[in-house]
Amino acid sequence: MSNFLFKSLFQQHVKSMFSKSNAIIMRHYKDTALTEPIPFSKDFLFRQMFDPVSCTYTYLLADINDKTTILIDPVMEWAERDKTVILELGLMLKYAINTHMHADHITGTGRLKCLLPGCQSMISRSSGAKADIFLNPGDKICFGRHNLRVLSTPGHTEGCVSYVCDEQGIAFTGDALLIRGCGRTDFQGGSAEVLYKSVHSQIFTLPLNYRLYPAHDYSGRTVTTVAEEKAFNPRLTKSLNEFVHIMNNLNLPYPKMIDKAVPANKVCGLYEIQDAQKQ
């Protein structure tokens, strides 16, 4: 057998083995990405609501027996809707919570406090925003017999946190981890390297069947899982260096709402009300 023929056959063999290995790996990812969700307990209420302008999800969680409820990432323009839902269901809003200081919409926490007296606002201590209660990593947010655990997941902004409800097998990841994506890292103290480490150390270490609910989705998707994102996220399945390169070369436009949203969100979404009172 000539050297040329031997080399050609060897290269074909290697190529075939490589293709088979890739197929096995992809089949493994697909198999492990299908997980059985943890069913919600009978006394746990979950509602996912949507703002079509900023594509923001607001989450309502409640203890059905106790009637105590919390809202995650409310939007100012939809505060009346949130109030109506809460009152119709006979619930009492205890906390209005943000995952971070948003740049694409004004939070509804301040308005909700006016509409539903007794409600308190919450945000991460490292967010740079005002709130009634500042959250630290490891804190628990209690509503009725249920609770959320606070995870520090900076990188999109310096003050991003995620909220985990272990009993129900769910987590709310804000802009740190989106469905098949992640938040940008080029403003508000963002860092691609920090975000990568946050997701891999805090979110990807959760049980594979935990359902993940992001702050946004722009393609009509509502939920993902730890297993799915570990298998299919096109950015966060890359190496750290590859991820940093991707994020540093997105060349995204300047956020349309940032100059209005950030000043408002620094004061719980009441920037315009405070301005009007000064005039």
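Asn251 is found in the loop between α6 (240-248) and α7 (258-266), where helices (H or I, at least four residues) and strands (E, at least two) are DSSP runs numbered from the N terminus. This is a predicted model, so local features need pLDDT of at least 70 and side-chain atom pairs count only at pLDDT 80 or more, while totals for chains, interfaces and linings use all residues. Residues are numbered from 1 along each chain as its sequence is written, and side-chain values use heavy atoms, with hydrogens and water left out.

- Most residues other than glycine have a negative phi.
- Asn251 is not a glycine, yet has a positive phi of about 50°.
- At 69% relative accessibility, Asn251 counts as exposed; buried means under 20% relative accessible area, exposed over 50%, and partly exposed in between, using a 1.4 Å probe and protein chains only.
- Asp73 is another non-glycine with a positive phi, here about 55°.
- Look for Asp73 in the loop between β3 (68-72) and α2 (79-88); Asp73 is buried, with a relative accessible area of 1%.

**Aromatic rings**

- A pair of aromatic rings is described by the distance of the centres and the angle of the planes.
- Rings of Phe, Tyr and Trp (its six-membered ring) pair if their centres lie within 6.5 Å; planes under 30 degrees apart count as stacked, over 60 as edge-to-face and the rest as tilted.
- Going by that rule, there are 11 aromatic pairs here.
- Take Tyr57 and Tyr59, a tilted pair with 6.1 Å centre to centre and 40° between the planes.
- Both Tyr57 and Tyr59 are buried.
- Ring pairs also build a cluster out of Phe40, Phe44, Phe46, Phe50, Tyr57, Tyr59, Phe172 and Tyr213.

**Salt bridges**

- Side chains of opposite charge can pair when their charged atoms come close.
- The model has 10 salt bridges, each being a side-chain nitrogen of Lys or Arg within 4 Å of a carboxyl oxygen of Asp or Glu.
- Arg145 and Glu167 join through their side chains at 2.6 Å, N to O. Arg145 lies in the loop between β7 (140-143) and β8 (146-152) and Glu167 in the loop between β9 (161-165) and β10 (170-174), so this pair ties together parts that are 22 residues apart in sequence.
- Arg145 is partly exposed at a relative accessible area of 45%, and Glu167 is partly exposed too, at 40%.
- Asp166 and Arg149 make a salt bridge at 2.9 Å, N to O. This one links distant parts of the chain, with Asp166 in the loop between β9 and β10 and Arg149 in strand β8, 17 residues apart.
- Asp166 is partly exposed, with a relative accessible area of 34%, and Arg149 is partly exposed at 25%.
- Glu193 pairs with Lys197, their closest N and O atoms being 2.9 Å apart. The two are 4 residues apart in helix α4 (residues 192-203), so about one helical turn separates them.
- Salt bridges that share partners join Asp43, Arg145 and Glu167 into one network.

**Pocket and cavity**

- On a 1 Å grid over the protein atoms alone, a cavity is a set of points where a 1.4 Å probe fits but cannot get out, and a pocket is an open set with protein on both sides within 12 Å along at least five of seven lines; lining residues have an atom within 4 Å of a point.
- Grid points are joined across faces, edges and corners, and a volume is the space filled by probe spheres set on the points.
- The largest pocket has a volume of about 840 Å³. It is lined by 36 residues, and Ser54, Asp104, Arg184, His216 and Tyr218 are the closest to its centre.
- That pocket lining divides into 17 nonpolar, 9 polar and 10 charged residues. Ala, Val, Leu, Ile, Met, Phe, Trp, Tyr, Cys and Pro count as nonpolar, Asp, Glu, Lys and Arg as charged, and the others, Gly among them, as polar.
- The count of cavities of 30 Å³ or more is 1, and the largest cavity holds about 60 Å³ of space.
- Among the 14 residues lining the largest cavity, Asn98, Thr107, Thr109, Ile123 and Asn265 lie nearest its centre.
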